[in-house]
Amino acid sequence: MTASAAQPLLSVRDLRIVFDGRHGPLTALDGVSFDIAPGEILGMVGESGAGKSLTGTAVIGLLEPPGRIAGGEIHLAGQRIDNLPAEQMRRLRGRRIGAIFQDPLTSLHPLLKVGDQLVETILTHLPVSRAEARKRALDLLKEVGIPAAETRIDHFPHQFSGGMRQRVVIALALCAEPSLIIADEPTTALDVSIQAQITTLLKRLCREHGTAIMLVTHDMGVIAETADRVAVMYAGRIVEIGPVEEVTRRPSHPYTAGLMASIPSVHVRHEHLNQIDGAMPRLNAIPPGCAFNPRCGRAEAFCRENKPGLPLSGHAAACHFPLKEAAHA
Amino acid sequence: MRDNVTTLTQDQAMPQPVMIETAPGDDIILDVAAACCRFDVSAPALSRLFSHEPRRILRAVENVSFTVKRGTTFSIVGESGCGKSTLARMVVGLQRPTEGKLSFRDIRRADGTIGPPRVQMIFQDPYASLNPRWRVGDIIAEPIRELKLRSDEAAVQQRVGDLLETVGLSRTDASRYPHAFSGGQRQRISIARALATEADFLVCDEPTSALDVSVQAQILNLMVRLQKEFGLTYLFISHNLSVVRHMSDDLAIMYLGRFVEAGPAEQVFTQPQHPYTRLLLDTIPDVERPNRARRPMSGEVPSPINPPAGCTFNPRCAQAADRCRVERPELRQLGDVRVSCHFA
């Protein structure tokens, strides 16, 4: 629907990430493919260990040994980036791909004033003078909604509250006008009322600057509020991808359906919550066939032998027996 | 004091079980009356002397009163720093109230004994609350041995096995170490350890916020089942409104150490009276209504050392009038609900 219209900004194909361990290689990511269109917010949701953060790490080129890309390709605006030399990747990071991480206190340098951190980043990536960089830093702080930005620019990170710090981190990510931002759990460390401020801000900036965002989170609520499309991950694979309204309202993969049903509602009180029994398999014990089959109520012998594929279309599920025919756009 | 009340304000308050038949309707298990908890966070006396700084008092919990009925769940909701965890610590006795008192009423247990309820706590982080060097069996057996609840070792092991099965683990798990378990399973172990004391009252401080949603559902279902089976009473602390909605019979919304709204959960959720409650309900992400337009609450929680004058919520409140900036609203009874707002 969205992805096929023009050339995608980010295109990931059959990405496979392997960790070499003492007991042989562990496949952490297995055949992950997705596109992000310019200006689009793609949510990546899944439980801990499903591989959502790893996907973001691979895209931004921060995968550390023993993890390695064992297959597949990553293209940014048509250019292949997964095999770039480290130096070229370093220049691309920050300039064309920005990053926002979960804990704003650890992603800011505690001994540098926030203004200096912004100026340094701007000077690294853009051919401007120091004075221009400072003016740009001030504009950015105003844009992310920091009150009294003129004085706050000379404050240290510890003088800011959690929500304000995350705004500074967003300003840092926006410094060089990247076309893609990887936001890994950007609101998880914040209170609900602050969380809403930050997601609203992200969404507004994404619209105004035409920046695409890959939003990695475990919180389906944040995805539903913020993303245009959502990819649900399970045991290193994408099990369902599609527009957020369709996936949340009419999930097609049994795992997504179970996940949606296990979220307690704020509107009605149910006697019993739907639960998916068991737990996600460990990486060294991923069952053959569909990885979800031991926990799936619809699994048949076929599921235990054949790995389901994921069609690259509007709303698709990697399932042999999807709950409904996914609506294809 | 020789009545059927255990008072935590007294230093050596030993429970004095008195044979008093509790009236059928009067099944209150915990009574918190005007409890306050203040911390002195002033600079050291000498530096205060030189810099002429005044003493600084952090009012973590201010004038909080509520009762919890036996076999029900009372939830406390609020953002970080609102005092909900301090209140939980006061209830389990880890923190003494500066003013006011918290008292547990004696209860009649299933085995016929009468006495104050046994109180246990379930912590947020199941990775930090279990000793990594102890086997699960020993972790659960510790309170049984310490309180001498079983006479011999065979009975202790039997009880440990039963408890593991009660929380959905297997008997053989007793010989494994905590690292072999996932987050959800560890939280089950914490629950088993709390139940090992034959607890009647569990204080659960964010028991599922470190867990994934599908695992959260398993733990919440387990807690509901145990409540029915053993008649447990929960004091449930959370910032997650949808979890609170699922679990609570009664709830209180806290803001800067005070209750702003308290009452039956159903009523607070369907007819929120206080602007803060309304805003909280409005800002939580809703999976049932994706991409709805919402206006986020402006501002942040002010510092509890220097709270705003008048109503503490006034800087963030859209309805705030001059009166709100001067006069602090009392917690007033409006039907079944108590609200502290001049305009409720």
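Leaving out neighbours up to four places away in sequence, Lys113(A) is in contact with Asp154(A), His155(A) and Phe156(A), where contact means that the C-beta atoms of two residues, placed from the backbone, lie within 7 Å. This is a predicted model, in which local features need pLDDT of at least 70 and side-chain atom pairs count only at pLDDT 80 or more, while totals for chains, interfaces and linings use all residues. Residues are numbered from 1 along each chain as its sequence is written, and chains are lettered from A and ligands numbered from 1 in the order in which they are written.

**Around Lys113(A)**

- Lys113(A) lies in the loop between α3 (104–107) and α4 (114–125) of chain A, where helices are DSSP runs of H or I with at least four residues, numbered from the N terminus.
- Lys113(A) is partly exposed, because 16 other C-beta atoms lie within 10 Å; a residue is buried with 20 or more such atoms, exposed with 12 or fewer, and partly exposed in between, with C-beta atoms placed from the backbone.

**Helix α1 of chain A**

- Helix α1 (residues 52–59) of chain A is mostly covered, since eight of its eight residues are buried.
- After α1(A) comes Gly61(A), whose phi is positive, near 75°.

**Helices α7 and α8 of chain A**

- The axes of α7 (residues 162–174) and α8 of chain A come within 10 Å and cross at roughly 15°, the axes being lines fitted to C-alpha atoms over the stretch in contact, with angles from 0 to 180 degrees between N-to-C directions.
- That crossing angle is why α7(A) is roughly parallel to α8(A), a term for angles under 35 degrees.
- Among the residues of α7(A) that meet α8(A) are Ile170(A) and Leu174(A), and the residues they meet in α8(A) include Leu201(A) and Leu205(A).

**The nonpolar core**

- The largest nonpolar core has 184 residues, and those with the most contacts inside it are Met214(A), Leu215(A), Val232(A), Tyr234(A) and Ile238(A); such a core is a set of buried Ala, Val, Leu, Ile, Met, Phe, Trp, Tyr and Cys residues joined through C-beta atoms within 7 Å.
- With eight residues, α7(A) gives the most to this core.
- Not counting residues up to four places away in sequence, Val232(A) touches several residues, including Val45(A), Ile238(A) and Tyr255(A).

**Where chain A meets chain B**

- The contact takes 38 residues from chain A and 32 residues from chain B.
- On the side of chain A that touches chain B, the largest share, six residues, comes from α8(A).

Technical notes: Helices (H or I, at least four residues) and strands (E, at least two) are DSSP runs, numbered from the N terminus. Angles under 35 degrees count as roughly parallel, over 145 as roughly antiparallel, 65 to 115 as roughly perpendicular and the rest as oblique.
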